[in-house]
Amino acid sequence: MDDSLDPSEQDHVLIIEDDERLAELTRDYLEANGFRVTLEPDGARGVDSILALQPDLVILDLMLPGEDGLSICRRVRADYPGPILMLTARTDDMDQVLGLEMGADDYVAKPVQPRVLLARMRALMRRRETGAVGEEPRLAFGPLEIDSSTREAFLSGERVDLTSAEFDLLWLLASNAGRVLTREEIFSQLRGIKYDGQDRSIDVRVSRIRPKIGDDPNQPQRIKTVRSKGYLFVKEG
(Lines give C-alpha, C1' and ligand atoms only; values in the text may rest on other atoms or scores of the structure.)
Protein backbone atom coordinates (compact mmCIF):
# COMPACT_ATOMS: atom_id res chain seq x y z
CA MET A 1 0.00 0.00 0.00
CA ASP A 2 1.16 3.51 -0.78
CA ASP A 3 1.87 5.08 2.62
CA SER A 4 1.69 8.55 1.06
CA LEU A 5 -2.00 8.12 0.27
CA ASP A 6 -4.28 9.98 2.66
CA PRO A 7 -6.48 7.39 4.43
CA SER A 8 -9.46 9.73 4.01
CA GLU A 9 -9.08 9.40 0.25
CA GLN A 10 -9.12 5.58 0.33
CA ASP A 11 -12.29 3.61 -0.19
CA HIS A 12 -13.35 2.13 3.15
CA VAL A 13 -14.33 -1.56 3.18
CA LEU A 14 -15.98 -3.27 6.14
CA ILE A 15 -15.46 -7.05 6.27
CA ILE A 16 -17.91 -8.94 8.49
CA GLU A 17 -16.38 -12.40 8.70
CA ASP A 18 -15.81 -14.73 11.67
CA ASP A 19 -13.06 -16.76 10.00
CA GLU A 20 -10.14 -14.80 11.45
CA ARG A 21 -7.50 -16.06 9.03
CA LEU A 22 -9.64 -15.45 5.95
CA ALA A 23 -10.61 -12.00 7.19
CA GLU A 24 -6.99 -11.01 7.86
CA LEU A 25 -5.72 -12.35 4.53
CA THR A 26 -8.49 -10.51 2.71
CA ARG A 27 -7.73 -7.33 4.63
CA ASP A 28 -4.01 -7.54 3.79
CA TYR A 29 -4.76 -8.11 0.11
CA LEU A 30 -7.21 -5.22 -0.09
CA GLU A 31 -4.93 -2.86 1.82
CA ALA A 32 -2.15 -3.74 -0.63
CA ASN A 33 -4.54 -2.65 -3.37
CA GLY A 34 -5.28 0.74 -1.86
CA PHE A 35 -8.30 0.14 0.36
CA ARG A 36 -8.84 1.04 4.00
CA VAL A 37 -10.28 -2.00 5.78
CA THR A 38 -12.15 -2.58 9.05
CA LEU A 39 -12.80 -6.10 10.37
CA GLU A 40 -15.87 -7.19 12.36
CA PRO A 41 -15.99 -10.88 13.38
CA ASP A 42 -19.32 -10.89 15.25
CA GLY A 43 -22.63 -10.88 13.40
CA ALA A 44 -24.35 -9.50 16.48
CA ARG A 45 -22.41 -6.26 15.96
CA GLY A 46 -22.74 -6.30 12.18
CA VAL A 47 -25.75 -4.01 11.86
CA ASP A 48 -24.37 -1.40 14.24
CA SER A 49 -20.97 -1.47 12.53
CA ILE A 50 -22.44 -0.91 9.05
CA LEU A 51 -24.76 1.89 10.13
CA ALA A 52 -22.15 3.63 12.28
CA LEU A 53 -19.25 3.40 9.82
CA GLN A 54 -21.22 3.79 6.55
CA PRO A 55 -18.32 2.22 4.60
CA ASP A 56 -17.98 2.50 0.83
CA LEU A 57 -18.57 -1.26 0.54
CA VAL A 58 -19.46 -4.16 2.85
CA ILE A 59 -18.16 -7.71 2.45
CA LEU A 60 -20.64 -9.82 4.40
CA ASP A 61 -20.31 -13.52 5.20
CA LEU A 62 -23.53 -15.49 5.11
CA MET A 63 -22.83 -17.69 8.13
CA LEU A 64 -21.92 -15.67 11.21
CA PRO A 65 -22.16 -16.06 14.99
CA GLY A 66 -24.72 -13.82 16.65
CA GLU A 67 -26.69 -12.91 13.53
CA ASP A 68 -26.47 -14.33 10.03
CA GLY A 69 -25.64 -12.33 6.94
CA LEU A 70 -29.14 -12.52 5.46
CA SER A 71 -30.67 -10.93 8.54
CA ILE A 72 -27.97 -8.25 8.69
CA CYS A 73 -28.48 -7.41 5.03
CA ARG A 74 -32.24 -7.13 5.41
CA ARG A 75 -32.00 -4.92 8.49
CA VAL A 76 -29.48 -2.40 7.13
CA ARG A 77 -30.68 -2.16 3.55
CA ALA A 78 -33.04 0.79 4.09
CA ASP A 79 -30.38 2.87 5.87
CA TYR A 80 -27.19 1.82 4.10
CA PRO A 81 -26.98 2.92 0.44
CA GLY A 82 -23.63 1.35 -0.39
CA PRO A 83 -22.99 -1.99 -2.09
CA ILE A 84 -23.09 -5.23 -0.12
CA LEU A 85 -21.05 -8.17 -1.42
CA MET A 86 -22.16 -11.48 0.10
CA LEU A 87 -19.84 -14.44 0.66
CA THR A 88 -21.72 -17.71 0.09
CA ALA A 89 -21.15 -21.44 -0.09
CA ARG A 90 -20.02 -22.51 -3.55
CA THR A 91 -22.87 -24.90 -4.32
CA ASP A 92 -25.81 -23.38 -2.48
CA ASP A 93 -27.78 -21.47 -5.12
CA MET A 94 -30.61 -20.84 -2.68
CA ASP A 95 -28.29 -18.89 -0.37
CA GLN A 96 -27.30 -16.71 -3.33
CA VAL A 97 -30.90 -16.08 -4.32
CA LEU A 98 -31.92 -15.30 -0.73
CA GLY A 99 -28.99 -12.90 -0.39
CA LEU A 100 -30.10 -10.99 -3.48
CA GLU A 101 -33.69 -10.94 -2.24
CA MET A 102 -32.52 -9.45 1.07
CA GLY A 103 -30.74 -6.65 -0.82
CA ALA A 104 -27.20 -7.89 -1.49
CA ASP A 105 -25.70 -6.40 -4.65
CA ASP A 106 -23.54 -9.35 -5.66
CA TYR A 107 -22.03 -12.50 -4.24
CA VAL A 108 -18.74 -14.36 -4.35
CA ALA A 109 -18.54 -18.08 -3.63
CA LYS A 110 -16.14 -19.54 -1.11
CA PRO A 111 -13.31 -20.40 -1.20
CA VAL A 112 -12.67 -16.77 -2.07
CA GLN A 113 -10.26 -16.02 -4.90
CA PRO A 114 -8.74 -12.62 -4.08
CA ARG A 115 -8.54 -11.42 -7.69
CA VAL A 116 -12.18 -12.34 -8.32
CA LEU A 117 -13.23 -10.59 -5.12
CA LEU A 118 -11.30 -7.45 -6.06
CA ALA A 119 -12.77 -7.41 -9.57
CA ARG A 120 -16.32 -7.73 -8.23
CA MET A 121 -15.71 -4.98 -5.68
CA ARG A 122 -14.38 -2.59 -8.28
CA ALA A 123 -17.31 -3.35 -10.59
CA LEU A 124 -19.78 -2.57 -7.80
CA MET A 125 -18.06 0.67 -6.92
CA ARG A 126 -17.81 1.78 -10.56
CA ARG A 127 -21.54 1.27 -10.99
CA ARG A 128 -22.22 3.79 -8.25
CA GLU A 129 -20.79 6.52 -10.45
CA THR A 130 -23.03 8.56 -12.72
CA GLY A 131 -23.97 7.53 -16.24
CA ALA A 132 -21.56 7.51 -19.13
CA VAL A 133 -20.56 10.70 -20.93
CA GLY A 134 -23.22 11.65 -23.46
CA GLU A 135 -25.88 9.51 -21.78
CA GLU A 136 -29.19 11.13 -20.89
CA PRO A 137 -29.12 11.62 -17.09
CA ARG A 138 -32.90 11.31 -16.68
CA LEU A 139 -35.39 9.05 -18.42
CA ALA A 140 -39.19 9.25 -18.22
CA PHE A 141 -41.78 6.62 -19.11
CA GLY A 142 -45.21 7.87 -18.15
CA PRO A 143 -45.36 8.08 -14.34
CA LEU A 144 -41.93 6.42 -14.02
CA GLU A 145 -38.85 8.66 -13.92
CA ILE A 146 -35.28 7.39 -13.51
CA ASP A 147 -32.38 9.71 -12.70
CA SER A 148 -28.84 8.40 -13.17
CA SER A 149 -27.18 11.44 -11.59
CA THR A 150 -28.90 10.91 -8.23
CA ARG A 151 -29.39 7.15 -8.74
CA GLU A 152 -33.07 7.47 -7.89
CA ALA A 153 -36.36 6.44 -9.49
CA PHE A 154 -39.78 7.96 -8.94
CA LEU A 155 -43.24 6.55 -9.61
CA SER A 156 -45.98 9.21 -9.79
CA GLY A 157 -43.65 11.53 -7.86
CA GLU A 158 -42.96 9.05 -5.06
CA ARG A 159 -39.42 7.79 -4.60
CA VAL A 160 -39.00 4.08 -5.41
CA ASP A 161 -37.04 2.07 -2.83
CA LEU A 162 -34.33 0.35 -4.88
CA THR A 163 -31.09 -1.31 -3.88
CA SER A 164 -27.95 -0.23 -5.69
CA ALA A 165 -27.99 -3.38 -7.84
CA GLU A 166 -31.69 -2.98 -8.63
CA PHE A 167 -31.12 0.59 -9.79
CA ASP A 168 -28.23 -0.49 -12.01
CA LEU A 169 -30.38 -3.13 -13.70
CA LEU A 170 -33.37 -0.81 -14.07
CA TRP A 171 -31.20 1.89 -15.60
CA LEU A 172 -29.55 -0.55 -17.99
CA LEU A 173 -32.91 -1.87 -19.19
CA ALA A 174 -34.54 1.57 -19.40
CA SER A 175 -31.63 3.16 -21.26
CA ASN A 176 -32.02 0.37 -23.83
CA ALA A 177 -35.82 0.67 -23.99
CA GLY A 178 -37.30 -1.02 -27.04
CA ARG A 179 -34.38 -3.43 -27.43
CA VAL A 180 -34.14 -6.95 -26.05
CA LEU A 181 -31.14 -7.32 -23.78
CA THR A 182 -29.87 -10.87 -23.51
CA ARG A 183 -28.79 -12.28 -20.18
CA GLU A 184 -25.28 -12.48 -21.62
CA GLU A 185 -25.31 -8.72 -22.28
CA ILE A 186 -26.74 -7.93 -18.86
CA PHE A 187 -24.16 -10.05 -17.03
CA SER A 188 -21.34 -8.53 -19.05
CA GLN A 189 -22.52 -4.98 -18.37
CA LEU A 190 -23.42 -5.33 -14.69
CA ARG A 191 -21.13 -8.00 -13.31
CA GLY A 192 -18.25 -8.13 -15.79
CA ILE A 193 -18.55 -11.91 -16.13
CA LYS A 194 -19.97 -14.36 -18.63
CA TYR A 195 -23.42 -15.77 -18.08
CA ASP A 196 -23.13 -19.45 -17.17
CA GLY A 197 -26.68 -20.33 -18.15
CA GLN A 198 -27.72 -21.07 -14.57
CA ASP A 199 -27.22 -17.94 -12.47
CA ARG A 200 -30.61 -16.58 -11.38
CA SER A 201 -29.47 -13.25 -9.93
CA ILE A 202 -30.80 -11.13 -12.82
CA ASP A 203 -34.17 -12.91 -12.76
CA VAL A 204 -34.44 -12.35 -9.00
CA ARG A 205 -33.75 -8.64 -9.41
CA VAL A 206 -36.25 -8.23 -12.22
CA SER A 207 -38.91 -9.93 -10.09
CA ARG A 208 -38.17 -7.47 -7.27
CA ILE A 209 -38.11 -4.39 -9.53
CA ARG A 210 -41.42 -5.01 -11.30
CA PRO A 211 -43.83 -4.37 -8.40
CA LYS A 212 -41.73 -1.43 -7.23
CA ILE A 213 -42.25 0.40 -10.54
CA GLY A 214 -45.93 -0.50 -10.78
CA ASP A 215 -45.48 -3.41 -13.19
CA ASP A 216 -47.74 -6.43 -12.71
CA PRO A 217 -45.43 -9.36 -11.79
CA ASN A 218 -47.90 -11.86 -13.28
CA GLN A 219 -48.56 -9.98 -16.52
CA PRO A 220 -45.73 -7.46 -16.84
CA GLN A 221 -46.20 -4.66 -19.34
CA ARG A 222 -43.08 -2.60 -18.64
CA ILE A 223 -40.30 -5.18 -18.22
CA LYS A 224 -41.15 -8.17 -20.36
CA THR A 225 -39.43 -11.53 -20.35
CA VAL A 226 -38.44 -12.63 -23.84
CA ARG A 227 -38.29 -16.40 -23.70
CA SER A 228 -34.86 -17.95 -24.29
CA LYS A 229 -33.38 -14.48 -24.82
CA GLY A 230 -33.61 -11.98 -22.00
CA TYR A 231 -35.60 -8.88 -21.11
CA LEU A 232 -37.29 -6.03 -22.95
CA PHE A 233 -38.06 -2.66 -21.37
CA VAL A 234 -41.15 -1.36 -23.16
CA LYS A 235 -41.09 2.34 -24.04
CA GLU A 236 -44.86 2.79 -24.00
CA GLY A 237 -47.31 1.14 -21.67
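Here is a quick briefing on the structure above, from the overall build down to single residues.

This is a predicted model, so local features need pLDDT of at least 70 and side-chain atom pairs count only at pLDDT 80 or more, while totals for chains, interfaces and linings use all residues. Residues are numbered from 1 along each chain as its sequence is written, and side-chain values use heavy atoms, with hydrogens and water left out. The protein has eight helices and 12 strands; these are DSSP runs (helices are H or I with at least four residues, strands are E with at least two), numbered from the N terminus.

**Overall build**

- Of the 237 residues in the protein, 46% are buried. Here buried means under 20% relative accessible area, exposed means over 50%, and partly exposed is in between (1.4 Å probe, protein chains only).
- The protein exposes about 12,100 Å², and carbon and sulfur atoms supply 47% of that. Accessible areas come from the Shrake-Rupley method with a 1.4 Å probe, and for residues only the protein chains shown count as cover.
- Take the contacts in the protein with a separation of 6 or more: residues 24 or more positions apart account for 56% of them. A contact means heavy atoms within 4.5 Å.

**Salt bridges**

- The count comes to 16 salt bridges, each being a side-chain nitrogen of Lys or Arg within 4 Å of a carboxyl oxygen of Asp or Glu.
- Glu17 and Lys110 pair up through their side chains, at 3.2 Å from N to O. Glu17 sits in the loop between β1 and α1 and Lys110 in the loop between β5 (106-109) and α5 (114-126), so this pair ties together parts that are 93 residues apart in sequence.
- Glu17 is buried because its relative accessible area is 3%, whereas Lys110, at 24%, counts as partly exposed.
- Arg77 has a salt bridge to Asp105, with the closest N and O atoms 3.2 Å apart. This one also links distant parts of the chain: Arg77 is in the loop between α3 (69-76) and β4 (84-88), Asp105 is in the loop between α4 (93-101) and β5, and they are 28 residues apart.
- Both ends of that pair are tucked away by the accessibility cut-off: Arg77 is buried at 13% relative accessibility, and Asp105 is buried at 2%.
- Glu17, Asp61 and Lys110 belong to one network, joined by salt bridges that share partners.
- Arg27 and Asp28 also form a salt bridge, their closest N and O atoms being 3.5 Å apart. Arg27 is partly exposed at 25%, and Asp28 is partly exposed at 41%.

- Asp18, Asp19, Glu20 and Glu24 form a negative surface patch. Patches are made of residues with over 30% relative accessible area and no salt bridge, joining like charges within 9 Å, or nonpolar side chains (Val, Leu, Ile, Met, Phe, Trp, Tyr) within 5 Å.
- For the bookkeeping, Lys and Arg count as positive and Asp and Glu as negative, with His and the chain ends not counted. The place of a charge is taken as NZ of Lys, CZ of Arg, CG of Asp or CD of Glu.
- Asp19 is in the loop between β1 (12-16) and α1 (20-32), and its relative accessibility of 37% makes it partly exposed.

- Lys110 and Pro111 are joined by a cis peptide bond, with omega about 0°. Pro111 lies in the loop between β5 and α5.
- Arg151 is not a glycine, yet its phi is positive, at about 55°. Look for Arg151 in the loop between β7 (144-147) and β8 (152-155).
- Ser228 is another residue other than glycine with a positive phi, near 65°. Ser228 is in the loop between β11 (223-226) and β12 (230-233), and at 75% relative accessibility it counts as exposed.

**Two spots with spacing across the chain**

- Arg122 is in helix α5 and is partly exposed at 38%. Its C-alpha atom is 9.9 Å from that of Leu57, a residue 65 positions away along the chain.
- Thr150 is in the loop between β7 and β8 and is partly exposed, with a relative accessible area of 42%.
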